[in-house]
There are 2 protein chains.
Amino acid sequence: MKRNTWQREAVRNALGESEGFVSAQALHSGLREQGSSIGLATVYRALADLASEGEADSLQQEGEALYRACTPGSHHHHLICRNCGLTVEIEADPVELWAQQVAAEHGFTQAEHVVDVFGVCAKCAAAGATR
Amino acid sequence: MKRNTWQREAVRNALGESEGFVSAQALHSGLREQGSSIGLATVYRALADLASEGEADSLQQEGEALYRACTPGSHHHHLICRNCGLTVEIEADPVELWAQQVAAEHGFTQAEHVVDVFGVCAKCAAAGATR
DNA sequence: AGTCCTGCTGAGAACTGTTGTCAAAAACCG
DNA sequence: CGGTTTTTGACAACAGTTCTCAGCAGGACT
């Protein structure tokens, strides 16, 4: 049976409050700074659970896993500011179709795809324009 | 100054001969089995060099980096069999346009994107059909 | 060809992100 | 409340990758 602990809630909340993708370790130290006594392993476990239940998305960047709360159930992709981490969920229907089609053309089945767009958001572009 | 050592050549060759994406460690042990005395660190260094010079593509899967020789200079994406690792280079012009457009719509600039399609190739689908 | 300099190599240690272990704690059931 | 059973948290273990550093060797120059 699956139990409902305050730790899991804490992770879910912390994830929901963050602007963009966060690493497990950042989340853990953030919670610790708020006085929580949650353990690192627990954060990893909670994140893995959330991700497998579709309540969070994950992506790999520079060898570490980043997580983000997302609208459950809906398939979507992300547009991520590589400077501040701001994330926008985007629909990608044309890409879905394209991926299926390309896979089929080459005899591939059970196609899945990884699609993420990185860029610099308007705010960061303006702030960094002088650089 | 950049030097041309037999180790770098060995890595380049081994990469070119492999069917799909290979991990640095697999490449290293493969070379070792062929009697080479190349070191693991050197393989990592050579792969990083090749990737940064555009002679190899890399992707992250399950926490490890995989590499593959690719046609230098051309921008393309990959269709990868998640069973045997077979890789097909694919053109994705519609996706390129889509990515630029979506980024622009949200005020993002300097858009880059990660697009990879995973599936099961015809051969593996046939072999695993009985499973 | 010989010499020198400097970047490259290889072995292993060190590091980083993640997962496993296990006793103790706490959530759920009645 | 008492019993059962999952979950937790501290820490060890692990895997992949990078760092370190003494010695080696590629290439330029002679």
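Which helices and strands of chains A and B each supply at least two residues of the surface near DNA strand D? They are α1 (6–17) and α3 (40–52) of chain A, together with α3 (40–52) and β3 (64–69) of chain B. Helices (H or I, at least four residues) and strands (E, at least two) are DSSP runs, numbered from the N terminus.

## Basis

This is a predicted model, in which local features need pLDDT of at least 70 and side-chain atom pairs count only at pLDDT 80 or more, while totals for chains, interfaces and linings use all residues. Residues are numbered from 1 along each chain as its sequence is written, chains are lettered from A and ligands numbered from 1 in the order in which they are written, and side-chain values use heavy atoms, with hydrogens and water left out.

## Chain A

Chain A has five helices and six strands. From the N terminus, the order of these elements is α-β-α-α-β-β-β-β-α-β-α. Along the principal axes, the C-alpha atoms fill a box of roughly 55 × 55 × 25 Å.

Among contacts (heavy atoms within 4.5 Å) between residues at least 6 apart in sequence, 49% join residues at least 24 apart.

## A:His78

A:His78 belongs to strand β4 (residues 77–81) of chain A. This residue counts as buried because its relative accessibility is 4%.

The A:His78 side chain makes polar contacts with the side chains of A:Asp57 (3.3 Å) and A:His76 (3.5 Å). A polar contact is a pair of N or O atoms within 3.5 Å; within protein, one must be able to donate a hydrogen and the other to accept it, and residues adjacent in sequence count only if both atoms are side-chain atoms. Leaving aside neighbours within four places in sequence, the residues in contact with A:His78 include A:Phe21, A:Asp57, A:Ile90 and A:Val117.

## DNA strand D

There are 23 residues around DNA strand D, and A:Arg3, A:Thr5, A:Arg45, B:Tyr44 and B:Ala65 come nearest. A residue is near a strand if one of its heavy atoms lies within 4 Å of it. The largest share of the surface near DNA strand D, four residues, comes from α3(B).

Phosphate oxygens of DNA strand D lie 2.9 Å from a polar side-chain atom of A:Arg32, 3.1 Å from a backbone N or O atom of A:Gly39 and 2.6 Å from a polar side-chain atom of B:Tyr44.

How values were computed:
Buried < 20%, exposed > 50% of the residue type's maximum accessible area, 1.4 Å probe, protein only.
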